[in-house]
Amino acid sequence: VNRIRTILKHTKVLLSISAILIIILNIKDINWASNLISFIWIVFSIVWWAFDNFLWKCKCINKVLKLNKALYCPKINGRWEGTLNRDGKNHKFVIEIKQTYTNISCVAYSTNSYSKSLCAELLYDQQNDSHSLVFLWQGKTSKNPKGQDEPSNYFNGTTILTISDNCNSLTGNYFTDRNPKQTKGTIILNTRQDI
């Protein structure tokens, strides 16, 4: 959200530049002015699309973004594997993260359940100088008899994972509204593959 706000501020700058160019070039022809503004916005849109999808991942651009923690976006896209600890028992756990500079979504798998993020966000904590992945999700368990799709199969949860400085591990907690017993536990993910 902070990254998007900062980008919107830059959009205001782009509008100002367009207006200044029209004034400096003394453009009185409305068609020429609208063509100039259209050209500027088309170029901006192409550059923005490329940045949002690819360019922000480049090492040199990422180093520049790291200078401003509010603009920096940790690269965590891919398949993460590790463990989920619930009630003192470790379970194999996988999260697949799809990410652009402005959007992120998560799908998680364990032995008996599957979940998909309803909303997800990367947050920067100024006090602790750390980034976290926070997502709300809906899960489905396969523990009920096969073929049944009862409401008790579905549950909602929240996961908060701290991203290590070098982006090679995600650790944190989760909790659910599962019935008849609410569940919670810890997650440690440290093996990552690009997808």
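Reader: How exposed is Glu96, at what relative accessibility?
Author: This is a predicted model: local features need pLDDT of at least 70, side-chain atom pairs count only at pLDDT 80 or more, and totals for chains, interfaces and linings use all residues. Residues are numbered from 1 along each chain as its sequence is written, and side-chain values use heavy atoms, with hydrogens and water left out. Buried means under 20% relative accessible area, exposed over 50%, partly exposed in between (1.4 Å probe, protein chains only). Glu96 counts as partly exposed, at 22%.

Reader: Which residue forms a salt bridge with Glu96?
Author: A salt bridge is a side-chain nitrogen of Lys or Arg within 4 Å of a carboxyl oxygen of Asp or Glu. Here the closest N and O atoms are 2.8 Å apart. The partner of Glu96 is Arg79.

Reader: How many residues apart are Glu96 and Arg79?
Author: Strands (E, at least two residues) are DSSP runs, numbered from the N terminus. Glu96 is in strand 2 (residues 89-99) and Arg79 in strand 1 (residues 78-86). The pair links distant parts of the chain, and the separation is 17 residues.

Reader: Which residues are linked with Arg79 in a network of salt bridges?
Author: Arg79 is partly exposed, at 23% relative accessibility. Its network of salt bridges includes Glu96 and Glu81.

Note on methods: Helix = DSSP H or I, 4+ residues; strand = E, 2+ residues; numbered from the N terminus.
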